[in-house]
Amino acid sequence: MHLKAAFAASGGAYASRRLRAAVALRGVVTGRYRMRSLMRPHGLRSAWKRKFVHTTDSRHALPI
């Protein structure tokens with residue numbers, strides 16, 4: 001199925017908008033809300049991927 005293949009190719013990061021565009025490149029044209037309703041029964045939920053970790057001085061000390 002094009003939906004699961006495109007979702008797997010994205011590493012589980014694509015939501016309905018980007019997944020709809022990826023599936024459209026394969027020749028299957030559908031709307032964003034239809035894509036959402038197709039993702040739900042298959043258990044496809046996008047996961048946010050962190051690219052880097054922000055660090056901060058937890059004491060919030062001001063430099064002198």
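## Contacts of S16

Leaving aside residues up to four places away in sequence, S16 touches R32, M35, R36 and M39, where contact means heavy atoms within 4.5 Å. S16 has its place in helix α2, helices being DSSP runs of H or I with at least four residues, numbered from the N terminus. S16 counts as buried because its relative accessibility is 8%; buried means under 20% relative accessible area, exposed over 50% and partly exposed in between, with a 1.4 Å probe and protein chains only.

## Basis of the values

This is a predicted model, in which local features need pLDDT of at least 70 and side-chain atom pairs count only at pLDDT 80 or more, while totals for chains, interfaces and linings use all residues. Residues are numbered from 1 along each chain as its sequence is written, and side-chain values use heavy atoms, with hydrogens and water left out.

## Helices α2 and α3

The axes of α2 (residues 16-25) and α3 (residues 32-42), which are lines fitted to C-alpha atoms over the stretch in contact, come within 9 Å and cross at roughly 100 degrees, an angle taken between N-to-C directions on a scale from 0 to 180 degrees. The two helices are therefore roughly perpendicular to each other, a label for angles of 65 to 115 degrees.

On the α2 side, S16, R17, L19, R20 and V23 meet R32, M35, R36 and M39 of α3.

## R18

R18 also lies in helix α2, and counts as exposed because its relative accessibility is 52%. The C-alpha atoms of R18 and A6 are separated by 9.7 Å, the two residues being twelve apart along the chain.

Methods: Parallel < 35°, antiparallel > 145°, perpendicular 65-115°, else oblique.
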